[in-house]
Structure formats: structure tokens, C-alpha cells
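I opened my notebook to keep track of what I looked up in this structure. Here are my entries, in the order I made them.

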Amino acid sequence: MAFRAIRTIAPTASRQLAVSTRTFAAGPAIKSAGSQYSSLTTGALCATVLAASLTLTADPAHAAAPKVDPAAVKAAIMATIEAEDERRGDGTSLAPTLVRLAWHASGTYSKADGSGGSNGCRMRFNPEAGWGANAGLATARNFLDPLKAKFPGLSYADLYTYAGAVAIEYVGGPAIPFAFGRTDATDGTTSPPDGRLPNADMGSPAATAQHLRDIFYRMGFDDREIVALSGAHALGRCHEDASGYWGPWTRAESTLSNEYFRLLKEEPWTPKAKKHESGGCPWKGPAQYESADGSLMMLPSDLALVQDPKFHEWVLKYKDDEELFFKDFAAAFGKLLALGVKESTAGSTGGAGGGLGGLLAKLMGFMGL
Ligand code: HEM
């Protein structure tokens, strides 16, 4: 079993080299009126195929949309993460919080009426900014503010989602299919109602599994995609001052791997003790699970993935095949970041399969995702 080392903080010079070799290989963005395409490190071949094959429908309303240089934005996001990680110097990373920011900016989508989603970036405003599910994400937003100032032509909605895609690469994950073109709302009046993001515990394994399906099916995902997306919990940790839960899921929280799935299966998870006989500090937080040595955690919603037979099938597959996990994760995360953007982006042809979502699907097809 391959076990990845915890990401070490490399000296700036060598990380800069890594950044420069990991910047867009796609060359110049493919531009139409107000629309830009990039594929993260999928190579010039992909760009050539796209350039030859994708014809975007010009939308006069967006003809004057400002352009940004994706390679410059990507380098700036990488540098921001790197600077913060070096400042911390403890092996934790800003990248997981940026992944979570991108997911919460997008995961409010409902396919039933097209509400929510990443377009508009309403999570900057109340009510979304104040939702309990978004606690702790202001920190991530604050890190991105200087980048918005540096690239005024970039919408917040593109910045937040793109930062999540770049963060996945930063932590050694797969290239995420991504297209620019989101626009910003000016306030939170069009936010969907609270309750669109998942709870970690609905009281029983069956109710929690059903809740995950209710939440993710609403966005248009299936069981396989739910499990693949949950693999992001290889990254980062729970913070008591944000969610009330505590601890990392894996021993390499700054590296994307299939460790989350291996640990789900192989670690003897037990409810985190409310009392310690030994006199240690009793756990006063919500019900969560801990590893044998108490250093790792799982949420009830994580364990639901092994308790539910259909989810379990995919946990087993991803545990044994990291390549499959990366492939499925890239496709599902790219799809997530594009939720809700169809109606107001350049290139929209209206109708199903049009706009950013439809073009992203074509992009993913070309990438073999
Ligand atoms: C399946 C339902 C999910 C539930 C119930 C859930 C719940 C949570 C909770 C409670 C936290 C801790 C937040 C904190 O205390 O700071 C967290 C963190 C995190 N979640 Fe999820 N999550 C889910 C799905 C996802 C998905 C789909 C992704 C991304 C694709 C994701 C990515 C992350 C990451 C990277 C962190 C760590 C953030 C950090 O270290 O700051 N989660 N999640």
C-alpha cells in the first residue's frame, strides 16, 4: 500500500520552481466574446484539441467582459497558499480551506429550479456568510481579497472556485477541469434558503446516508460522485471554533490521496469519548469518531459511507485504486464548481448542455473524465 508522506514545506526557491512547472500548459486561453478556457496542466494537446473543436457562441451582452491571464492567476493563488503554509510551518495548509470555500460556494445549487451554485458568489454576503455551515470560511475569503484587487477583471465567483481547483493541484491532486465566465451578484438577496449544505449527523446512519443523497442528488450528483467528492476529507481538518468537531481525517492532511478511504475501512473507529477514565480532557463537542490513538477523526457522515451498502462499494474501489479516485474526483469536483453558471455566462446557448456547464462537459470529455 502506497503511503504518502506529509507535505513538507520546501524552501521558497524550489516551490517557485514547482509552481512554474505546474502553471498552465494549455498556453493562451481560448477566448471568445467574454469567455476563456483553461485546463489545469492537461497539456498543450488538450488545448489544441479544444481550440480546434469548441466553437463558442458569442454573447453580445458579455462582449466587453474583462479578460484575465489564467496562468498569472494560478501562480498568484499558488504563491498565496505557499506563503501562508510557510508562515504556519507546522505541515498544515491553507489549501484545504480553499477547497472547502469553493465547495460551499458551489454546493447550494438545486437542479430543480437552477437556484444557488457558484455563479454570483453570494456567499460573500449575508445571509450565506452567516450560515453555520460557512463558519470559518471568512478566513479563506480574506486570503483571496488581495488577489481580487490584483486581478480586477476576475470575478469573485471565478476566483473562489478557481482557487479550489488550484488548491487541489497544490496538494498533489489531479487537474480539475475549469472554465472561467462566472459573474458576481451585488448582494445576497438571491441566496437560496439555508439548509442546502450537508449536516454531518442526522441521528442515525440510515438517516445520515439519506440526507447525503437528498443534498447531493438535489445538485445532480449520484452515489459514486458523492463518495468521490467526500474523498476531499483526506485534506484538512475540523476546527472546534468553526464546526464544533475536532481533528484531521488523515495523517497527511496537506496531501490529496486515497488515504481517507483506506482509513475509513482499516481504522477501528469508535465514538469519541465523552469522558476519559485516565483524567484527560473530556470531549464536550458533537458526536464524532476517533481512531485507536485518538489523533484522527471521522464524522458520522464519513462513516455513513461504509455503513450504507451502495456508498460502501465505491469506498472499496477508491481504497484500492487511487488513480480511479483521482479521475472520478476531478470530474465530480469540476462539475461541482460549474453548478449554476449556465444562465449568465458567455457562450451560453441556452437550453440543456449550453453555457459553461455544457462546455465544461465537452472539456471533460476531451480530457477523458
Ligand atoms: C458529504 C457531506 C459533507 C459534510 C457533512 C462535510 C462536513 C465538513 C465539516 C464539519 C468540516 C469541518 C469544518 C471546520 O471545522 O473547519 C469539513 C471540512 C472540510 N471539508 Fe467537508 N463535508 C462534506 C463534503 C465535502 C465535500 C464535497 C468537499 C469537497 C469536495 C469537502 C471538503 C472539505 C475540506 C477540504 C475540509 C477541511 C477544511 C479545512 O481544513 O479548513 N467536504 N467538512
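**Entry: Ala 95**

I started with the contacts of Ala 95. Leaving out residues up to four places away in sequence, Ala 95 touches Ile 81, Ala 167, Tyr 170, Val 171 and Ser 254. Two residues are in contact here if their C-beta atoms, placed from the backbone, lie within 7 Å. I found Ala 95 in helix H4. Helices (H or I, at least four residues) and strands (E, at least two) are DSSP runs, numbered from the N terminus. Is Ala 95 buried or exposed? It counts as buried, because it has 33 C-beta neighbours inside 10 Å. For my own use I wrote down the cut-offs: buried takes 20 or more other C-beta atoms within 10 Å of the residue's own, exposed takes 12 or fewer, and partly exposed is in between, with C-beta atoms placed from the backbone. I also looked up a distance: the C-alpha atoms of Ala 95 and Ile 77 are separated by 9.6 Å, and the two are 18 residues apart along the chain.

**Entry: what I am looking at**

This is a predicted model, in which local features need pLDDT of at least 70 and side-chain atom pairs count only at pLDDT 80 or more, while totals for chains, interfaces and linings use all residues. Residues are numbered from 1 along each chain as its sequence is written. The pLDDT is the predictor's confidence in each residue, from 0 to 100. Its mean over the chain is 81, and 73% of the residues reach 70 or more. Over residues 1-64 the pLDDT is below 50, and this stretch has 112 contacts in the model beyond near neighbours in sequence. Residues 343-355 also have pLDDT below 50, with 38 contacts beyond near neighbours in sequence.

Next I noted the whole chain. It has 13 helices and 8 strands. Of its 369 residues, 47% are buried. Among contacts with a separation of 6 or more, 72% are between residues 24 or more positions apart.

**Entry: helix H3**

I went to H3, residues 70-88. This helix has 19 residues and reaches 27 Å from its first C-alpha to its last, close to the 27 Å expected at 1.5 Å a residue. The expected span is 1.5 Å times one less than the number of residues. Which residues of H3 are buried? I listed Pro 70, Val 73, Lys 74, Ala 76, Ile 77, Met 78, Thr 80, Ile 81, Glu 82 and Asp 85. A reminder to myself: an α-helix has 3.6 residues a turn, so residues three or four places apart point the same way. After H3 comes Gly 89, with a positive phi near 60°.

**Entry: the loop between H4 and H5**

Two backbone details turned up here. Cys 121 is in the loop between H4 and H5, and its phi is positive, about 50°, although it is not a glycine. Cys 121 is buried, because 23 other C-beta atoms lie within 10 Å. Pro 127 lies in the loop between H4 and H5 (137-150) too. The peptide bond from Asn 126 to Pro 127 is cis, with omega near 10°. For background, most residues other than glycine have a negative phi, and most peptide bonds are trans.

**Entry: around the ligand**

Which residues come nearest the ligand? Of the 24 residues around it, these are Thr 97, Ala 232, Gly 236, Ala 242 and Ser 243. A residue is near if its C-beta atom, placed from the backbone, lies within 6 Å of the molecule. H4 (95-106), H8 (223-230) and strand S4 (237-238) each supply at least two residues of the shell. The largest share, 5 residues, comes from H4.

**Entry: helix H8**

I finished with H8. It is largely enclosed by the rest of the structure, because 6 of its 8 residues are buried. Those are Glu 225, Ile 226, Val 227, Ala 228, Leu 229 and Ser 230. What covers them includes H7, H10 (300-307), H11 (309-320) and H12 (322-337).

Arg 213 is in H7, residues 205-219. It counts as partly exposed, because it has 18 C-beta neighbours inside 10 Å. The C-alpha atoms of Arg 213 and Asp 223 are separated by 7.4 Å.
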